[in-house]
Every structure is written in C-alpha cells, then in structure tokens.
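Dear colleague,

Please find below the structure that I am handing over to you. My notes on what was found in it follow directly after.

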Amino acid sequence: MFRRFTASAMVVAAGIGGGLIAPSAAHAQDYGPNTCRQGYVWRLARPSDLVCVTPQTRTDTANENALAPRQTLPNRFCKQGYVWRVAWGPDDLTCVTPQARTQAQYDNSQADDRRLAVRLWTNSVNGTLKVSGDHFNVNGQVRIVVSGAVNKSWTVTATKHSGYAGGSFGFIPGFTQACPPGNPNAEIRAVDLTSGRSTISVPFVYCIRYDE
C-alpha cells in the first residue's frame, strides 16, 4: 500500500525520447526569459533588440549602425551595394551589406534556441512521474530540487535534443510504483547551475510505501 508523502531515493536519468509534453512558462530572473545562454549576448540593433547573438555579431551590429548614415540616400533608400537590414522587422531601414542582412536573418531564426528561458514540466510515464526541461545551457549541469513533503535533489546534464531549445533533459525520479491520485503535496524545480537561473516550481504528488 502507498501513501502520498515521500518517494524512493532511486534516480533514473531518462532520455528526451521518453515523450515530452508542452512546457510551462519560465520564472523570470536575472534578465528574465530573454537572458542569453552562455556564449551569447543581446544584439542591440536598437535598445529593445534582445535577440541573442555572439559578442562579435553585437560588435558588428554596432558598427553597422555607426556606418549606416554614409550608406543611406536622402530618401532613405540604400546606396548601391547595400540593402536594408530588417533585423527587427520591415521598419529596420539600416543600410548594410547583403551579408549583414543574411546574418541578421540567421540570428533571428536561432533566437529561441539561444535564450536561457529555463523551462520545466512534468508528465506521467506508465503512472510514474517524469520531469523534463529545455532552454538550459547546453552541456551544463542542472539541479533538480524537490521540496514540500520531502526535500531531495539530483543533478543531470542538459544536452542538445532535436525539437527542444537549448540544453534539454528528461528525468525519472524512480518511484517504486505508480502513486494513487490525490492533491499535490510537493514541488519540483530545476536550477541551471551555470547561471543560477531557476524554473518555476511545479506541484506534484510524492508517495512512499507505509506498510513496510
């Protein structure tokens, strides 16, 4: 017989292929969900441009902004050999080289993957809790922390998996048997140890045998 309080201490690290479901929203810390993963910074083509790019690309973007006036005609069209950058949309009429516009479009396509949004969600695998996450630093360590009815923690590594942004993981805490339904009595969250950013806490049912 089982009671909802604590769980087996056994830990099983599971692959992403175990069936992830839609994640929850991230808890904003540091610079919020637009914080960049390690190795990236905000592009700042304008003050509100928070697309994550390499430091070199941000330097190049600042140089493009400085050079734009001499590459722009009085009617705001570009001089021969230059095109509008359109980094943040059609109203970005900064005149740059075609290569710079291609770079801006590529960086836009990679924006979500480079954000350190740190997301965590749970689902059931054969009646057993599974914890999954994405938007962590790639190949970085993630601390899984349980609090409430019991306090436990485990460390996993977030790696690249197709279809999931940034570093991601799937983790099964190792229940001995499916828990009976009931009100959540514990919470679980994940901390990106490289940055210190934490996900929201997700409630769930934690249980243990009490007839032993």
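How many residues lie between β9 and β10 in the hairpin that they form? There are 3 residues between these two strands. Helices (H or I, at least four residues) and strands (E, at least two) are DSSP runs, numbered from the N terminus.

Before the details, a word on the source. This is a predicted model, in which local features need pLDDT of at least 70 and side-chain atom pairs count only at pLDDT 80 or more, while totals for chains, interfaces and linings use all residues. Residues are numbered from 1 along each chain as its sequence is written, and side-chain values use heavy atoms, with hydrogens and water left out.

The chain as a whole

The chain contains 2 helices and 14 strands. It has 212 residues, of which 40% count as buried (under 20% relative accessible area; exposed is over 50%, partly exposed in between; 1.4 Å probe, protein chains only). Among its contacts (heavy atoms within 4.5 Å) with a separation of 6 or more, 59% are between residues 24 or more positions apart. The accessible surface of the chain is about 10,800 Å² (Shrake-Rupley method, 1.4 Å probe), and 52% of that surface belongs to carbon and sulfur atoms.

The sheet around the hairpin

An open sheet of 4 strands has the order β10-β9-β12-β13, with antiparallel pairing (two strands pair if DSSP finds at least two bridges between them). β10 (152-158) and β13 (202-204) each have a single partner strand and stand at the edges, so one side of each is left without a neighbour in the sheet. Neighbouring strands are turned by 25° against each other on average, direction ignored (axes are lines fitted to C-alpha atoms).

Strand β9 (residues 140-148) is joined to β10 by 7 bridges, and Val146 stands opposite Lys152 in β10. With β12, β9 pairs over 7 bridges in the antiparallel sense; there, Gly148 has Ala186 as its bridge partner.

The loop between β11 (167-172) and β12 (186-192) holds Asn183. Asn183 is exposed, with a relative accessible area of 66%. Its C-alpha lies 9.2 Å from that of Pro203, 20 residues apart in sequence.

With kind regards

Terms used:
Axes are lines fitted to C-alpha atoms, for helices over the stretch in contact, and angles run from 0 to 180 degrees between N-to-C directions.
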